Structure formats: structure tokens, C-alpha cells
Amino acid sequence: SGGGAGAAMGARGLWALLAALRAGWCLLPQAGYLHPDEFFQSPEVMAGDILNLQVYYPWEFLSSSPCRTVVFPLMTSGVTYWVIKSLQQLDMCSSCINSYTLLVSPRLLFTIFSFILDYSVYRLAPFWEADPWKALVLLAGSYVTLVFYTRTFTNTLEGLLFALLMVLVSSRKAGGSVAELTSSPLIGIVTTAGFFNRPTFLAFALMPLLYWAGLIVDSEKGIKTVINHFLKLVLCACFTAVVFITADTFYFTSVGLDNLYSIKNSSLLDVIGQLHEKMIVTPFNFLSYNLNPHNLALHGSHPRVTHFTVNGIMLFGILHILAISAGFKMLKKYIHQLIRVKLYYHGSSGLLVHSEGNPTLLLFYFVPLAFLSLFSHQEPRFLIPLILPLVLFSTSQNRAVKWKHVITIFNVLGALLFGCLHQGGLIPCLFHLEQLTHSPEPSNDPRHYTLLFAHTYMPPRSLLNIKERDTHIEVIDMAGSGEETLCRIVGQRANNFTCNNCHVFVIIPGTVRATITKCGVSFKNETLIFPHLSMEDPPQLPFLFSGNWRSQLGLYILQLDRDR
């Protein structure tokens with residue numbers, strides 16, 4: 001019908017616009033800062049390793065039992081930093097390495113990868129009886145895609161691997177018969193890679209793997225074929241694990257470079273022996289750390305229902321609520337049917353739930369959610385891989401259509417809150433400080449800078465673009481220190497007269513600016529970066545409606561006046 005064709009064209013145009021917004025906003029760049037992990041689990045580490053910049057190495061990469069594989073950081077941020085380093089060495093550009101390229105290049109790669117999600121939706125929609133273009137608009141218009149999937153999180157990679165896994169297990173020929181299941185090697189590779197990226201991937205992979213196993217058993221091929229598929233999967237999984245373990249062992253232990261010389265002269269068995277002795281399996285270290293409740297409590301404990309009641313709604317809004325209500329309806333129907341079958345047929349034959357929509361898709365959504373709810377540390381970003389089954393479920397049977405205005409407003413607000421406001425002054429502030437500290441100076445009297453960050457998220461040092469051997473910039477992260485500690489450190493810096501050409505800057509949100517005024521030091525320059533919303537020190541509502549509201553939603557860079 002003409003109307004249908006028009007709607008499809010409209011949906012295509014809308015998706016193209018939203019896709020352009022995703023890429024454009026990444027390049028702008030997006031100022032919001034979601035969580036320290038977006039820097040400290042990939043770009044920050046690689047900036048230190050590849051570009052030799054001053055960085056802060058997080059504990060997961062330092063301890064004797066590292067918890068994060070280095071393979072994905074190397075393949076993502078590592079590759080982009082290697083490219084900009086090579087461009088600079090080839091004199092393609094004089095200053096390829098600056099705070100903008102350090103921030104945007106890894107993000108741009110992740111943004112390009114995020115279209116794997118769109119491809120998966122397009123491929124999967126017909127299979128799960130959903131309209132592909134409507135599903136794509138719902139996906140591309142979600143603030144989760146615009147904000148979370150353009151950031152360097154391990155959760156983003158987890159979502160992309162989950163999407164690939166769903167595509168691999170849902171391969172069917174148009175005729176309705178199960179396609180030749182040639183994907184078992186790929187399924188093995190993706191599952192293992194996902195497990196090494198984040199061991200929680202097993203929670204996401206469980207339903208797709210069970211579904212795939214069901215398809216094979218149902219395909220009524222011989223037992224030989226079934227065993228053949230499982231063997232292929234296991235072999236490829238083992239091979240992938242060996243690749244990850246070898247890479248991590250070389251990276252995290254001195255087997256790597258120190259022993260290469262001695263290895264040259266030793267037999268293969270000796271080499272294998274050495275590797276085996278120092279073998280590093282990061283997911284096991286991750287699990288042994290995270291299964292200890294005491295360790296999890298250090299990162300924050302949440303009630304077990306947080307994912308269901310808070311995080312799901314915070315990320316997906318009405319779609320999460322619709323899925324829950326559909327889930328309850330299906331359960332009710334299923335139980336009724338079970339009772340009927342038991343009473344009337346004295347058996348459980350023919351127990352098929354013919355209910356509206358696809359119960360399997362709901363399981364793809366709720367099973368991982370239930371597994372992640374077993375852990376006491378529950379952050380919203382842990383759920384971002386679930387956007388795929390949720391979008392497919394919401395589009396099948398046109399569930400989401402009547403809520404489209406609610407969905408639009410929800411996603412605009414989410415994008416503004418997390419993409420612009422949330423800790424939104426910190427990255428522009430680092431850009432500003434990078435330019436300031438790299439400004440030309442007289443060689444006979446070099447300047448020394450002290451940058452004191454208080455009540456902000458951890459500042460990624462890499463964005464300041466300080467060479468490893470440089471000692472003229474000192475970064476002090478005061479985190480959420482109290483007034484007393486803050487004033488002590490600021491006072492020490494103000495009264496340090498041994499340092500001649502010293503510039504001390506205090507970076508602090510407007511909501512706690514008053515604390516600094518009590519320290520009895522004076523400032524000569526102040527820069528206000530707007531907007532910046534700190535959830536840890538939220539603005540007081542009365543102030544927001546006063547003439548002072550900009551400072552409440554801003555981040556201050558205050559320069560100490562050391563002459564006074």
C-alpha cells in the first residue's frame with residue numbers, strides 16, 4: 001500500500017538522520033562524562049603504553065592478578081592511538097596528538113562499531129516478526145545508543161558481541177527450515193571473546209546458546225551432526241581462549257620482553273613451561289575478585305532489585321515497563337494453561353504457549369537481567385546490551401507505536417542529561433587546561449603547573465597530553481575530600497614560596513565553591529565552564545531559580561593568587 005511505503009520511506013529518512021546525529025555528536029565532541037571506566041579501562045591505559053603520556057593506571061591493570069584483558073583495549077584505543085602516532089611521525093600533521101584527538105579517535109571507532117547493532121536489528125527483525133525500519137528508528141533514537149554506545153566502555157563491546165551472537169543463532173532460510181548451521185565455529189569465538197571482555201557475558205550468552213542448541217537438536221539430523229557442531233564450537237572456543245591468555249600473559253608479565261632473549265636460545269618446551277608458570281587468565285581473576293562480597297561493597301552495594309526497578313527504567317523508560325507487563329501476562333497465561341493441562345489431560349503434552357508476541361525474546365531480555373541481579377553491585381551501564389532484544393520485542397506487534405511521544409521526550413531528556421550535563425564541565429576543562437599548559441613559554445624560566453581537582457569524577461590524565469618525562473605539570477585528584485583536607489592542601493600550595501614560576505589551579509563544581517572561599521586564599525582568575533551537573537553535589541533548587549543558577553550548574557577553574 002502507498003501509505004505503508006511512505007511510512008517506510010519516512011522511517012528510513014529518520015534512521016539516517018539519527019545515524020548522522022550519532023556520528024556528528026561524537027565528533028563535536030560529546031561533553032558528558034558517564035563513568036570513570038569509559039576512560040580508565042581502555043584509552044587511558046593505551047595512551048600510556050603507546051603514546052608514552054602521563055596517565056593513571058587503574059588497579060585492574062596493575063595488580064599481580066590483573067582483572068581485565070588487554071586484547072580489546074589494544075584492538076580499539078590502541079589501534080587509533082597507533083594511527084595518530086604514525087601520522088605525526090610521518091609529518092602528516094604537526095600536532096596530531098592533542099586532547100581532542102585523544103578523546104575523539106577511540107570514541108569514533110566505537111561509534112563506527114555501534115552500527116553492528118543497527119545491522120543486527122535489520123537482520124533479526126524479520127526473523128522475530130518485527131518491522132526492520134521501525135525497529136531501527138527505535139534503536140537509533142534511544143539515548144542509550146547515542147550516548148553509551150559511542151563511549152569506550154567494555155559494556156559497549158559486550159553489547160556488540162551479544163548482538164553478533166543473536167545474529168549467529170537466528171540464522172534461518174526463507175523457507176522456514178533451519179539454515180545449514182555453519183556458524184558453530186563463530187559462535188565459539190564470539191562467546192569466548194565476550195567472556196574475556198567481561199565474564200558477565202555468560203549471562204547474556206546463555207539464552208542464545210540454549211536456543212541454538214535447541215535448533216540443532218530439533219533439526220532432526222543424526223547424533224553425529226549434533227556432536228560435530230558442539231565439537232567445532234568447543235575447539236574454536238579453546239583456540240580463542242589460548243589467544244587471549246597468551247596475549248595477556250605477554251603483556252602483564254616479564255615473559256614478554258625481558259625473557260625474549262633467553263627464549264631465543266631455549267627449546268619450545270621450555271618456552272611453554274615458562275608461559276604456563278606465569279599464565280594469566282584475566283576472567284578468573286575478575287571473577288574471584290567480584291565474587292567476594294567485601295570487594296563488591298568497596299564499589300557500592302545496591303539492593304538486588306535495582307536493575308529491575310531503577311536501572312531498567314532509567315535506560316529504557318516505558319519499553320522496560322511494557323516488557324515487564326507483557327512478561328507477567330505471559331506467565332499468567334502459562335500458569336493457567338499448565339493448570340488446565342494438569343486437570344483435564346493428566347499430562348503435559350502439547351504445552352505450547354501461543355501468546356501475543358514472542359516469549360523467547362522476553363527470555364533473551366529477562367534471563368540476563370535476572371543473572372546480573374544476583375550481584376549486589378548494580379550500575380545502569382551493565383544493562384546496555386539488552387537494548388537489542390528489547391527493541392525487537394517492542395517493535396513486534398507494534399507495541400511501542402502508541403507510546404511514541406513518551407519515548408521521544410524520554411530519549412531527548414536522557415540524551416541531554418547524560419550526553420551534555422552529567423559531569424559535563426570536566427572534559428572541556430581538560431581541553432582548556434591542555435591548551436593553557438602547552439602555551440609557548442620563555443625557556444629561561446619554565447612554568448610549573450599544579451592542577452587540583454576536587455569533587456569531580458577522576459580526571460583522565462591522558463587528555464592533558466603530558467609526556468611521560470615531563471615534570472612541569474602536577475595533577476592532584478582530591479576526589480570528594482572534606483573542607484579540612486581541601487583547605488590544607490590548597491594552603492600548602494599557596495604558601496610554597498620555593499617555587500618561583502608556579503601556577504596553581506583549583507577545579508571545583510559551583511555547588512561546592514563556597515568551601516574554597518572558607519580556606520582564606522585569594523584567586524586572581526576564574527573561568528566558569530557551563531554546563532556541569534554533579535550528582536554527588538547536586539544544586540539546591542532555590543539557587544537554581546536565583547540569578548546565581550549558572551554557577552550552580554558550572555565547573556570553576558580558579559587560579560590561586562600566590563602574590564597576595
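Predicted model: local features only at pLDDT ≥ 70, side-chain atom pairs only at ≥ 80, totals over all residues.
The assignment for the protein chain places domain 1 at 1-290 and domain 2 at 425-560, the bounds coming from an automatic or database domain assignment. Contact between them (heavy atoms within 4.5 Å) draws on 24 residues from domain 1 and 18 residues from domain 2. Local features require pLDDT of at least 70 and side-chain atom pairs count only at pLDDT 80 or more, whereas totals for chains, interfaces and linings use all residues. Residues are numbered from 1 along each chain as its sequence is written, and side-chain values use heavy atoms, with hydrogens and water left out.

The two domains bury about 1,900 Å² between them, 64% of it on carbon and sulfur atoms, where buried area is the accessible area (1.4 Å probe) that two parts lose on being put together, summed over both. Of the area that domain 1 buries against domain 2, 35% is supplied by Tyr 33, Gln 54 and Ser 99, more than by any other three residues.

Nine residue pairs, both members at pLDDT 80 or more, are in polar contact across the interface (a pair of N or O atoms within 3.5 Å; within protein, one must be able to donate a hydrogen and the other to accept it, and residues adjacent in sequence count only if both atoms are side-chain atoms). On the side of domain 1 that touches domain 2, the residues divide into 16 nonpolar, six polar and two charged, with Ala, Val, Leu, Ile, Met, Phe, Trp, Tyr, Cys and Pro counted as nonpolar, Asp, Glu, Lys and Arg as charged, and the others, Gly among them, as polar.
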